[in-house]
Each structure stands twice: as structure tokens, then as C-alpha cells.
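Here is a short briefing to read with the model open beside you. We start with the sheet and then turn to the helices.

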Amino acid sequence: MEKAKICLAVIDDAGAAAPLTALAGRLAGRVFVAAIDAPEAAVNAEKAWLISTGGAGAAAAVGAVTRLLEELAPELVITGAGRDSRMLAAHCAAALRTSALTDADELTPEPGAIAARRLVYGGGAYKSVRAAYPAVICAGPSLAGAAAEAAPCAVLEEIRASLPEGMELTGRAEKSVVKVGLGAAKIVLGLGRGVKDAANVERAAAFAARIGAELGCTRPVAEDEGLLPRERYIGVSGAVIKPALYIAAGISGQIQHMAGVNSSGVIIAINKDKQAAIFENCDYGVVGDMMEVLDALDEKLS
Ligand SMILES: Cc1cc2nc3c(=O)[nH]c(=O)nc-3n(C[C@H](O)[C@H](O)[C@H](O)COP(=O)(O)OP(=O)(O)OC[C@H]3O[C@@H](n4cnc5c(N)ncnc54)[C@H](O)[C@@H]3O)c2cc1C
């Protein structure tokens, strides 16, 4: 396995720092970190630059990151999976005159290139690709969320970032963020379109609270029906969960949803259609009306 010579890990999310820098160490001989507004990300590297944007956000770090790319000329750049990480990857790719590879998992160094596997067709298939150096990789959630050790960097340098020329910060507004603990939940109750309306969502949420479950849903329940916030949808383009128990209620079981729940310990499916695909993918299946079954479970448990 021929490693890349130099990798710059560009990190804007302290939570992803340990897995991404540990990954960089497996792929390259020398690892450097550009830690954007995240001093905790200065780990597992020969040197880290702490780029402080003074609250202006990751976009303001682009100039500083570009200068680091010029200085280091890395063969490999790794970023995380979040929205800002992708934006940073696009800027790095432009600076290195290459393109960014998103949603990558299973990275393997090859002579002069990196081989990667990517989920395509909304999670229905994998594609194997080979990116010649210099390569810019956005690690997918499975790599960015993996467990890893973090050894603090001995050499740190602080950089104060400024917005690129021609751009100024004209205002700032708080965005209400829904905090959802799906990733760490031991029990998750997932609601599909079968839930139908807000009153049923409320009833299901009360049941979830009683059994200590976090509430999740399919994408259409969040994006089309607007019955739950986007932060609660699970699947290839949403949250990836690994609870001990996943209860899928009124969910058909399409691959794009199941890709986010396949690591659950036990899956119980409730669906009124006995032909529903979810019954191919669960440990226990109940054919019936989801609200009636949840009510019956509630009664039994209480
Ligand atoms: C690129 C791409 C990415 C996608 N990413 C995601 C993703 O990340 N997450 C995701 O979830 N989806 C995603 N989707 C959408 C996905 O393909 C499915 O359309 C979606 O998961 C279906 O949601 P659902 O099961 O709630 O709805 P449906 O497929 O409409 O199924 C509803 C189910 O409820 C059952 N039902 C109805 N009434 C009752 C009742 N009273 N009691 C019991 N059962 C009942 C029905 O029998 C049916 O099986 C993606 C699609 C694409 C193209």
C-alpha cells in the first residue's frame, strides 16, 4: 500500500476531527490539520493551524486554507461530510485544479491516486472510483463518524482569517436549530407516511417519550408532509442511526431509508400492507394499523 506523501485535513467540525485525522494518517505519510474555529481539531498531526474566523464562519477561512495548500502542496485533502465541509472541499479542489469526491467511504491509497467507494443512486448501489493526486475527498458519514483515538498536536500556529476580498459581513441572525439525539439513541421510533397527520405524530411522540425512544421519520414525512423537522429524517441523505431497537411504523422500507437503519440491533416493523418491503428487512413484523399497534404496545408496556 503506497501512501500519499502529504495530507491536509481541513476540519470545521471538532466532532469529526479524530476519525478524519486518524484516516489521514492511514492514507498519508505526513498529516497536517487546518482547524477552522475548532481548536479541539488539532489532533493526530505533525502540525495544526488554528484558523479563527471571529464568528464569520467557514467561508472566511477559504483564503487561509488556500495559502496552506500553496505552502504544503498536499497530494491529498480530506474534509468532513457537513455542508461547510463540502463547501471547503470545493474551494480546495478549485485551488488544486481538480474536483472533489463526495460521500466517500473505503478509501485505499494506490500509486499516484486514491481509490474510493461511493454510494450512488440514492444509496441503491456503490460505485468504485479512482482519483489521481492531487485528490480532494469529502469523507462520508461512516468515515467521519467512526471511533478513533486523538493525540494532541505538538506544533500549533494560529491564523486570523478574514473574508475574501470583495466580501463583507453585513449581518448575522440566529437560526433556530432542532437538537436531535438520533445518533446516540438506544431506541428509535421511526414514522413513515403511514402516520398520516399531525395528531397521529403527537400520539406517536408521546408513546416514544414513554418508552425513552428518540423520534425519527422518513424523508417524505419531513420534506413533503412537513410533519417533523428535517433533522429527524433517517436514511442515506439524512441521519444514520445504530440503536439497539428500531421501531419502523408506517414505513415501506425503501433502500434509501433502510441504508440509515441497517446497523440497528433489532428492527420491528409495523405496516398495514403485508407485502411491504420492510418485512424483508426486519427481525419482527406486525401487519396492522400503526396507530392501533402503537396503542396496544403502549397499553401492554404501561
Ligand atoms: C436520492 C434519494 C434520496 C433519498 N433519501 C432518503 C432518505 O435519506 N430517507 C428516506 O426515508 N427516504 C429517502 N428517499 C425517499 C425514499 O425513496 C422513499 O420514497 C421513502 O423512504 C418512503 O417513505 P415512507 O416509507 O414514509 O413512504 P411510503 O413509501 O409512501 O410508504 C408508506 C407506508 O406506510 C404504510 N401505511 C399506510 N398507512 C398505514 C397505517 N395506517 N398503518 C400502517 N402502515 C401504513 C403503507 O403500506 C406503506 O408501506 C430518497 C429518495 C431519493 C430518490
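In which sense do strand β5 and strand β6 pair, and over how many bridges? Strand β5 (residues 100-110) and strand β6 (residues 113-120) are antiparallel partners, joined over five bridges. This is a predicted model, in which local features need pLDDT of at least 70, side-chain atom pairs count only at pLDDT 80 or more, and totals for chains, interfaces and linings use all residues. Residues are numbered from 1 along each chain as its sequence is written.

**The sheet**
- Helices (H or I, at least four residues) and strands (E, at least two) are DSSP runs, numbered from the N terminus.
- Two strands pair if DSSP finds at least two bridges between them.
- An open sheet with mixed pairing is built from nine strands, in the order β7-β6-β5-β8-β4-β1-β2-β3-β9.
- β7 (125-132) and β9 (156-160) are the edge strands; each has a single partner strand, so one side of each has no neighbour in the sheet.
- T108 has A115 in β6 as its bridge partner.

**Helix α2**
- In α2 (residues 62-72), V62, V65, L68 and L69 are the buried residues (buried: 20 or more other C-beta atoms within 10 Å of the residue's own; exposed: 12 or fewer; C-beta atoms are placed from the backbone).
- These residues lie on the same side of α2 because they cover an arc of only 120° around the axis, the arc being that of the directions from the helix axis to the C-beta atoms.
- Exposed E70 and E71 sit on the face of α2 turned away from its buried side.
- After α2 comes A73, with a positive phi near 45°.
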